[in-house]
Amino acid sequence: MVALQANYCWVELERPGPGEHSRLLCTRRTRLAKAGQTICVGDRVRLAGIDWASGRGAVAAVEERNGLLSRPAVANVSRVVVVVALAEPEPDPLQLTRFLITAEASGRPVEVVLSKADLLSPGEVEAWCLRLRGWGYGPVPVSGHTGQGLEPLRRLLSRPGISVLCGPSGVGKSSLLNRLDPDLALRVGAVSGRLQRGRHTTRHVELFALAPGALVADTPGFNRPELPEDPVSLAVLFPELRQRLSQARCRFGDCLHQDEPGCVASEPWERQPLYNHCLELIQARLERQRGGDNRCEQPGVRRRGDRLEPRIDPRLRQPSRRSRRQQTGLESTRDRADDDASLA
Ligand SMILES: Nc1nc2c(ncn2[C@@H]2O[C@H](COP(=O)(O)OP(=O)(O)O)[C@@H](O)[C@H]2O)c(=O)[nH]1
Ligand SMILES: [Mg+2]
Ligand SMILES: [Zn+2]
């Protein structure tokens with residue numbers, strides 16, 4: 001399933017059918033909805049009631065999923081490619097770390113693309129590459145303007161399976177895909193944020209075929225991906241820490257790898273302050289949940305001022321901006337500006 005709209009979806013065929021269509025416009029069988037079966041982009045589905053002449057059909061069943069990326073929801077992901085600009089917008093290590101954490105949580109290989117390399121000197125680009133290598137990644141510097149790095153990127157995205165491009169808005173994801181395949185004609189320069197919210201930006205994910213068997217998702221702009229719910233699960237989402245943990249064990253089985261003696265992470269590492277900061281956010285959220293949220297009368301609905309709003313995902317709740325800032329002093333301005341936009 002390559003694209004999902006309100007009441008129907010596009011399904012790309014595995015084998016060509018008797019008609020001219022390689023994709024069919026499908027409805028979902030009500031039986032699926034009744035069984036509580038959701039369907040998301042990337043799902044492998046079985047079709048019924050196909051009308052080859054008009055290119056229509058219905059989704060009758062959804063196959064088991066692997067490698068689910070939570071936000072944006074994409075199933076059967078083969079790899080996640082996190083794109084971050086070297087300038088315009090300036091890289092924000094905390095925001096980048098949040099993207100990397102979300103990508104790692106898919107359980108699939110994570111690649112890093114450093115975009116807009118044309119805006120920095122070769123020496124500065126190399127310094128960022130070195131830094132990212134220290135985080136456990138092998139970054140590919142690229143520029144949609146000069147064409148630098150486009151062939152390595154094409155090879156990466158032409159591997160079989162589904163690749164998801166994610167990263168902050170404005171880093172050049174759509175531009176890069178357009179360079180790789182001008183036929184895509186993806187919208188470039190769409191600004192996201194409070195004012196433009198929902199006006200121009202694509203709110204849904206769509207998969208494009210870049211090479212036979214290689215599908216790529218360009219994701220819409222949302223700028224602050226979520227953190228995992230369980231503090232213990234955070235460590236393995238940092239490859240540099242994961243690597244140390246694979247070589248040695250901590251003294252205590254439930255170690256959170258902060259500053260305890262006998263911890264494998266007690267030697268300083270670059271992203272340690274970011275790791276600690278994320279840990280604090282997760283713990284603060286857990287405490288609030290334990291404290292109970294009694295203002296909510298119905299499940300799935302929350303009160304905001306005098307309005308009731310659907311509760312999209314309980315994990316989206318964050319500590320208040322002020323308490324977070326006071327606690328850590330680490331909050332970035334970009335993070336703050338996108339606070340609400342990221343809930344859309
Ligand atoms: N200097 C420079 N600007 C770029 C590059 N790629 C894209 N841009 C600009 O960055 C802005 C955002 O690009 P877009 O592809 O929409 O980013 P997206 O939100 O990540 O999809 C546009 O104004 C592009 O012209 C690049 O390689 N170098
Ligand atoms: Mg875009
Ligand atoms: Zn430890």
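1. A residue is buried if 20 or more other C-beta atoms lie within 10 Å of its own. By that criterion strand β7 (residues 110-115) is mostly covered, with six of its six residues buried. Val-110, Val-112 and Leu-114 point one way from β7, while Glu-111, Val-113 and Ser-115 point the other way. Both sets are buried. The model discussed here is a predicted one.

2. Overall content. The protein has nine helices and 13 strands. Of its 344 residues, 29% count as buried. Among contacts with a separation of 6 or more, 64% are made by residues 24 or more positions apart.

3. Pairing of β7. Strands β6 and β7 run parallel and are joined by six bridges. Within this pair, Val-84 stands opposite Leu-114 of β7.

4. In soluble globular proteins, nonpolar side chains tend to be buried together. The largest nonpolar core here has 60 residues, and the members that touch the most others are Val-74, Val-80, Val-82, Leu-114, Val-164 and Ala-217. Strand β6 (residues 77-85) gives the most to this core, with seven residues. Leaving out residues up to four places away in sequence, Ala-217 touches Val-41, Val-74, Ile-162, Val-164, Leu-165, Val-205, Glu-206 and Leu-207.

5. Strand β1 (residues 3-4) runs antiparallel to β2, and two bridges join them. The two strands form a hairpin with three residues between them, and Leu-4 stands opposite Cys-9 in β2. On its other listed pairing, β2 meets strand β3 (residues 23-28) in the antiparallel sense over five bridges, with Glu-12 opposite Arg-23 in β3. The side chains of β2 (residues 8-12) alternate.

6. The ligand shell. There are 18 residues around ligand 1, and those that come nearest are Gly-144, Gly-172, Lys-173, Ser-174 and Ser-175. Helix α5 (residues 173-180) supplies the largest share of the shell, three residues. By class, the shell has eleven polar, four nonpolar and three charged residues.

7. Helix α3. This helix covers residues 122-134, which makes 13 residues. From first C-alpha to last it reaches 19 Å, close to the 18 Å expected at 1.5 Å a residue. Gly-136, which follows α3, has a positive phi, near 100°.

8. Leu-156. This residue lies in helix α4 (residues 150-157). Leu-156 has 16 other C-beta atoms within 10 Å, so it is classed as partly exposed. Apart from neighbours within four places in sequence, Leu-156 is in contact with Val-81 and Glu-111. Glu-111 is one of the buried residues of β7. Val-140 is 16 residues from Leu-156 in sequence, and the C-alpha to C-alpha separation is 10.0 Å.

9. Asp-51. Strand β4 (residues 45-51) contains Asp-51. Asp-51 counts as exposed because it has 12 C-beta neighbours inside 10 Å, and 12 or fewer is the cut-off for that class. Not counting residues up to four places away in sequence, Asp-51 touches Arg-56 and Gly-57. Gly-19 is 32 residues from Asp-51 along the chain, and their C-alpha atoms are separated by 9.1 Å.

10. Backbone geometry to check. Most residues other than glycine have a negative phi, and most peptide bonds are trans. The peptide bond from Glu-88 to Pro-89 is cis, with omega near 5°. Pro-89 is placed in the loop between β6 and α2 (93-104), and Glu-88 lies in the loop between β6 and α2 as well. Glu-88 also has a positive phi of about 50° although it is not a glycine. With 11 other C-beta atoms within 10 Å, Glu-88 is exposed.

11. His-257. The phi of His-257 is near 60°, a positive value in a residue other than glycine. His-257 is found in the loop between α6 (239-247) and α7 (272-291). Is His-257 buried or exposed? His-257 is buried, because 22 other C-beta atoms lie within 10 Å, and the cut-off is 20 or more.

Definitions and conventions: Residues are numbered from 1 along each chain as its sequence is written. Chains are lettered from A and ligands numbered from 1 in the order in which they are written. This is a predicted model: local features need pLDDT of at least 70, side-chain atom pairs count only at pLDDT 80 or more; totals for chains, interfaces and linings use all residues. Helices (H or I, at least four residues) and strands (E, at least two) are DSSP runs, numbered from the N terminus. The expected span of a helix is 1.5 Å times one less than its number of residues. A residue is near a molecule or strand if its C-beta atom, placed from the backbone, lies within 6 Å of it. Ala, Val, Leu, Ile, Met, Phe, Trp, Tyr, Cys and Pro count as nonpolar, Asp, Glu, Lys and Arg as charged, and the others, Gly among them, as polar. Two residues are in contact if their C-beta atoms, placed from the backbone, lie within 7 Å. Two strands pair if DSSP finds at least two bridges between them. A nonpolar core is a set of buried Ala, Val, Leu, Ile, Met, Phe, Trp, Tyr and Cys residues joined through C-beta atoms within 7 Å.
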